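Open the model in your viewer and keep the selection tool ready. We will go stop by stop.

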Amino acid sequence: MLVPLAVGAADIPLAFESEALERRYEVLIEELRCLVCQNQSLADSSADLAQDMRELVHRMLVEGRSDDEVRQFLVDRYGDFVLYDPPLKVSTIALWSAPAIMLLLAILVVARVARSSNKRPPTLNDEEQRILARLRAERD
Amino acid sequence: MVRFALPIIGFILVVALLAVGLTKDPRHVPSPLIGKALPLFELTQLRDRTTITAAHFEGRPRLLNVWASWCVACRTEHPLLVNAAQQKQVEIVGLNYKDNETNAKAWLAKHGDPYATSIFDPDGTLGLDLGVYGVPETFVVDAHGIIRYKHIGPLSADTLKAEVLPLLASLRAEP
């Protein structure tokens, strides 16, 4: 495992005409997913495909394409899967709404528990009050 | 009873969700290309270096199979393709992906050539436009050049029989 890691992202140094462009490149390859090793970004992956895709991103940026154009180009070919930050649409509603639903459920549960533990002790009716008084009298 | 019913139902739901998740193949990435036309390309044929374009796919449904001589997994599905082509079950166009001519030709000579023709794509340009990431990949392209199906990884006899061949048959029946 050590060898592929060592020859990873920095395998072939890519040239940029400006630092700003290089920074955009670095941000992009962090947020794009390598499809071969699915839990790595293009920046982390040492797979051949990731190398190709990094070169592609580099080439497109040097050609003057915008970040969105680069993202769209890859999404058109590989699908939303290539983005670590998938767009909100019908197929991703469950993904995006899950945290909010979980939070809502948690609030409901906490509220229920808080309410039930907050209940005042029940008041005694006249009969019970008399028994209580008698018991107290007996104790004294 | 109600006190315990809710957590138990919740627990069962979570287990069910995780169980379904485990049966899914994370490598199965839905292709955005399904239902779209084959990307335009102009490449050469491996066999005789003559030009081939997307127009080649007009007229009847075909398989487009991405292969390479360096691709180990391709050898797994190759006998299946050779057999299907011999029995005239399907017309297969190969996409020789990121390969070199000598190795590719030697590989076909050794393992058999099921391809009506192979598109020679040494730089992977068409492969990129097709979103290829796990060779072998197999596409079903209909008579109008529209991509109707994509399979990533080696085709199994079951997949071929249960998914690919029936799809081809229904495409042949389409106007």
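Predicted model: local features only at pLDDT ≥ 70, side-chain atom pairs only at ≥ 80, totals over all residues.

## Stop 1

Select helix 3 (residues 101–111) of chain B. Its buried residues are B:Ala104, B:Trp107 and B:Leu108. They span an arc of only 95° around the axis, so they sit on the same side of helix 3 of chain B. Why can residues three or four places apart point the same way? An α-helix has 3.6 residues a turn, so such residues line up.

Now colour B:Thr102, B:Ala106, B:Ala109 and B:Lys110. These are exposed, on the other side of helix 3 of chain B. What covers the buried residues of helix 3 of chain B? The cover includes strand 4 of chain B. Before you leave, click B:Gly112. This residue follows helix 3 of chain B, and its phi is positive, near 95°.

## Stop 2

Select strand 4 (residues 92–97) of chain B. Is this strand largely enclosed or open? Of its 6 residues, 5 are buried, so the rest of the structure largely encloses strand 4 of chain B.

Next, show its partners. Strand 3 (residues 62–67) of chain B pairs with strand 4 of chain B in the parallel sense, over 5 bridges. Find one bridge: B:Leu64 has B:Val93 in strand 4 of chain B as its partner. Strand 5 (residues 115–121) of chain B also pairs with strand 4 of chain B in the parallel sense, over 6 bridges. Here, look for B:Ile92, whose bridge partner in strand 5 of chain B is B:Tyr115.

Follow the chain from strand 4 of chain B through helix 3 of chain B to strand 5 of chain B. This β-α-β crossover is right-handed.

## Stop 3: an exposed threonine

Jump to B:Thr53, in strand 2 (residues 51–53) of chain B. Is B:Thr53 buried or exposed? It has 12 other C-beta atoms within 10 Å. A residue with 12 or fewer counts as exposed, so B:Thr53 is exposed. Leaving out residues up to four places away in sequence, B:Thr53 touches B:Phe41 and B:Glu42. Now try a distance: the C-alpha atoms of B:Thr53 and B:Gly124 are separated by 15 Å, and the two residues are 71 residues apart along the chain.

## Stop 4: where the chains meet

Show chain A too. In chain B, 11 residues are in contact with 11 residues of chain A. The side of chain B that touches chain A has 6 nonpolar, 4 polar and 1 charged residues.

Key: Residues numbered from 1 in each chain as written. Chains lettered and ligands numbered in written order. Buried ≥ 20, exposed ≤ 12 C-beta atoms within 10 Å, placed from the backbone. Helix = DSSP H or I, 4+ residues; strand = E, 2+ residues; numbered from the N terminus. Pairing = 2+ DSSP bridges. Right-handed = clockwise from strand over helix to strand, strands pointing away. Contact = placed C-beta atoms within 7 Å. Nonpolar A, V, L, I, M, F, W, Y, C, P; charged D, E, K, R; others polar. Arc of directions from axis to C-beta.
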